[in-house]
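The sequence and the model come first, and the description follows.

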Amino acid sequence: MILVHREEPIAVVQLNRPEALNALSPELMKELVSALEELDRDEKIRCIVLTGSDKAFAAGADLKWMVSHTAKELLAKDPLAIWDRISNVKKPIIAAVSGFCLGGGCELAMMCDMIVASETAKFGQPEINVGIIPGAGGTQRLTHLIGKSKAMEWILTGNIYSAKEAFEAGLVGKVTPAAEYLNEAKKLALKISEKGSIAVAHAKQAILKSFELPLAQGLKEERRLCFELFDTQDQKEGMRAFLEKRKPEFKGR
Ligand code: CAA
């Protein structure tokens, strides 16, 4: 259900359950989380692209699996808890989205660090249409990204939005022609891979803190992470290279 294409220094992780438009079953999520964690540990990989097919990034959590569950069972098992581990991946993850990106699919894309979308992509949180609400971060992350009023509209109507609308709302970072979304995401991943990997991981951590911490604490955390980098070889190399008017050679140390 998960394919991993290594193209060092990047890796493309592909959701591959075409018969169900990549619906995110617990088995698929387990495979996805272990693939991402393995790549996070792999020193040869600097940046990860997460994609689906041209037709669907993912059409949501698996409704066939969910339909017969009770609240008691879900509260006891918490099948969505495993999703949180994606937020602990230190390397940047870029979602390359084409086609349906709905419900849990949209929530998964929002757990990534950037979203590059084909102009054909369709975003939404349609859980309300099946009698529930988002349960994998939609009410929280979407609200941070597009603001309260728009998030209310998206989640309370269950409407589907185009890539252009998602871009204008602030959910998507870049919209590309249909044939280009994956290449564009890979280009972005390669560009990030040229930077010092410790600085990249610190930047990701600091930005994600802005979702969790009040400003004063976030600023303190940012300074701590920034100052910590002064003990890395990459900081010395980056600043010396600037002063010597040459390109830096970062080693991730
Ligand atoms: N779960 C399980 N199977 C799904 C699925 C899902 N979320 N979405 C699509 N599929 C399956 C369909 O059942 C169908 O399978 P069969 O051929 O065996 O019937 C196959 O994928 C193709 O789907 P459609 O025939 O429906 O394709 P379509 O092109 O006519 O429509 C669609 C595409 C608009 C995306 C439609 O499939 C759809 O509305 N899907 C459900 C979207 C949704 O409600 N997502 C939210 C799920 S709840 C959630 O995600 C909770 C959470 O927050 C974690």
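A residue is called buried when its relative accessible area is under 20%, exposed when that area is over 50%, and partly exposed in between, with a 1.4 Å probe and protein chains only. By that rule Val-200 is buried, because its relative accessible area is 15%. The model is a predicted one, in which local features need pLDDT of at least 70 and side-chain atom pairs count only at pLDDT 80 or more, while totals for chains, interfaces and linings use all residues. Residues are numbered from 1 along each chain as its sequence is written, and side-chain values use heavy atoms, with hydrogens and water left out.

Val-200 lies in helix 10, where helices (H or I, at least four residues) and strands (E, at least two) are DSSP runs numbered from the N terminus. With contact taken as heavy atoms within 4.5 Å, and with neighbours within four places in sequence left aside, Val-200 is in contact with Pro-92, Ile-192 and Lys-195. Asn-159 is 41 residues from Val-200 in sequence, and the two C-alpha atoms are 35 Å apart in space.

A nonpolar core is a set of buried Ala, Val, Leu, Ile, Met, Phe, Trp, Tyr and Cys residues joined through side-chain atoms within 4.5 Å. The largest such core holds 47 residues, of which Leu-32, Val-97, Leu-108, Phe-123 and Leu-171 touch the most other members. Helix 1 (residues 26-41) gives the most to this core, with seven residues. Apart from this core lies another, of twelve residues, among them Val-49, Val-116, Ala-185 and Val-200. Beyond its neighbours within four places in sequence, Val-97 has contacts that include Phe-57, Val-116, Phe-123 and Tyr-181.

**Helix 9**

Helix 9 has 13 residues and spans 18 Å from its first C-alpha to its last, close to the 18 Å expected at 1.5 Å a residue, the expected span being 1.5 Å times one less than the number of residues. Its buried residues are Tyr-181, Glu-184, Ala-185, Lys-186, Ala-189, Ile-192 and Ser-193.

On a 1 Å grid over the protein atoms alone, a cavity is a set of points where a 1.4 Å probe fits but cannot get out, a pocket is an open set with protein on both sides within 12 Å along at least five of seven lines, and lining residues have an atom within 4 Å of a point. Grid points are joined across faces, edges and corners, and a volume is the space filled by probe spheres set on the points. Two cavities of 30 Å³ or more are counted by this rule.

| Space | Volume |
|---|---|
| Largest cavity | about 90 Å³ |
| Second largest cavity | about 30 Å³ |
| Largest pocket | about 1,200 Å³ |

The lining of the largest cavity includes Met-29, Asp-62, Trp-65 and Trp-83. The second largest cavity is lined by Arg-46, Ile-192, Ser-193, Lys-195, Ser-197 and Val-200, and the elements that give two or more residues to this lining are helix 9 (181-193) and helix 10 (197-212).

The largest pocket is lined by 43 residues, of which Val-89, Asp-113, Lys-204, Gln-205 and Leu-208 lie nearest its centre. Helix 10 supplies the largest share of that lining, 13 residues.
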